[in-house]
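Here is a briefing on the structure shown below. It goes by topic, from terms to individual contacts.

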Amino acid sequence: TALLENRWRIVEVIYEGEPVKFDATQPIYISFDPVGTLNIFADCPGGAYLIEAQDENHYKLTSGMFSAVQCKDEVTTQFDNVLSALKTTTEYKFQNEQLLLIGRDTKIALEMDNPR
């Protein structure tokens with residue numbers, strides 16, 4: 001329920017064990033739809049992935065669709081780096097007030113932002 005009823009703001013991205021810079025494109029938000037879609041969006045780029053549930057806390061992101069808008073090069077590069085990290089996540093869990101999306105050497109930390 002918490003996943004579906006809220007919009008989540010990315011506050012930290014670790015990919016392949018290294019921090020990912022996304023200051024040019026933040027805030028970046030993620031929301032979840034009951035039909036099994038993960039939406040990721042910022043002021044300029046945005047898109048969605050279908051979620052294939054593996055079990056209660058594990059998933060696989062499948063085909064993605066993204067808007068064909070043109071953003072500044074730095075924004076596009078940083079957003080693409082966040083997407084690269086996101087595509088490797090396979091597990092979610094709640095820790096304190098954060099939602100964590102986790103993969104091998106990857107962690108994306110999100111905080112609730114503007115409940116729907």
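Buried means under 20% relative accessible area, exposed means over 50%, and partly exposed lies in between (1.4 Å probe, protein chains only). F94 is partly exposed, with a relative accessible area of 43%.

This is a predicted model: local features need pLDDT of at least 70, side-chain atom pairs count only at pLDDT 80 or more, and totals for chains, interfaces and linings use all residues. Residues are numbered from 1 along each chain as its sequence is written, and side-chain values use heavy atoms, with hydrogens and water left out.

Helices (H or I, at least four residues) and strands (E, at least two) are DSSP runs, numbered from the N terminus.

**Salt bridges**

- The whole structure holds 4 salt bridges; each is a side-chain nitrogen of Lys or Arg within 4 Å of a carboxyl oxygen of Asp or Glu.
- D113 and R7 form a salt bridge through their side chains, at 3.0 Å from N to O.
- R7 is in strand 1 and D113 in the segment after strand 9 (106-112), so this pair ties together parts 106 residues apart in sequence.
- D113 is buried, at 14% relative accessible area.
- R7 also counts as buried, at 19% relative accessibility.
- R9 meets E111 in a salt bridge of 3.5 Å, N to O.
- That pair links distant parts of the chain, with R9 in strand 1 and E111 in strand 9, 102 residues apart.
- R9 counts as partly exposed, with 25% relative accessibility.
- E111 is partly exposed, with a relative accessible area of 30%.
- R9 forms a salt bridge with D113 as well, the closest N and O atoms being 2.9 Å apart.
- Here too distant parts of the chain are linked: R9 is in strand 1, D113 in the segment after strand 9, and 104 residues separate them.
- Shared partners join R7, R9, E111 and D113 into one network of salt bridges.

**Aromatic pairs**

- A pair of aromatic rings is described by the distance of the centres and the angle of the planes.
- Rings of Phe, Tyr and Trp (its six-membered ring) pair if their centres lie within 6.5 Å; planes under 30 degrees apart count as stacked, over 60 as edge-to-face and the rest as tilted.
- The whole structure contains 4 aromatic pairs.
- W8 and F94 make a tilted pair, because their ring centres are 6.1 Å apart and their planes stand at 50°.
- W8 is in strand 1 and F94 in strand 7 (residues 89-95), so distant parts of the chain, 86 residues apart, are linked.
- W8 counts as buried, at 2% relative accessibility.
- Y29 and F41 have ring centres 5.7 Å apart and planes at 35°, so this pair is tilted.
- Y29 lies in strand 3 (residues 29-33) and F41 in strand 4 (residues 37-41), so the pair ties together parts 12 residues apart in sequence.
- Y29 counts as buried, at 13% relative accessibility.
- F41 is partly exposed, with a relative accessible area of 26%.
- W8, Y92 and F94 are linked into a cluster by ring pairs.

**Charge over a ring**

- The charged end of R7 sits over the ring of Y29, 3.8 Å from its centre.
- The criterion is NZ of Lys or CZ of Arg within 6 Å of the ring centre and within 35 degrees of the ring normal.

**V13 in strand 1**

- V13 is found in strand 1 (residues 7-15).
- V13 is buried, with a relative accessible area of 2%.
- V13 and T106 are 93 residues apart in sequence, yet 7.5 Å apart in space, C-alpha to C-alpha.
- Neighbours within four places in sequence aside, V13 is in contact (heavy atoms within 4.5 Å) with E18, P19, V20, F22, V82, A85, K107 and I108.

**Q78 in helix 2**

- Q78 lies in helix 2 (residues 73-87).
- Q78 counts as buried, at 6% relative accessibility.
- Not counting residues up to four places away in sequence, Q78 touches K21, F22, D23, A24 and T25.
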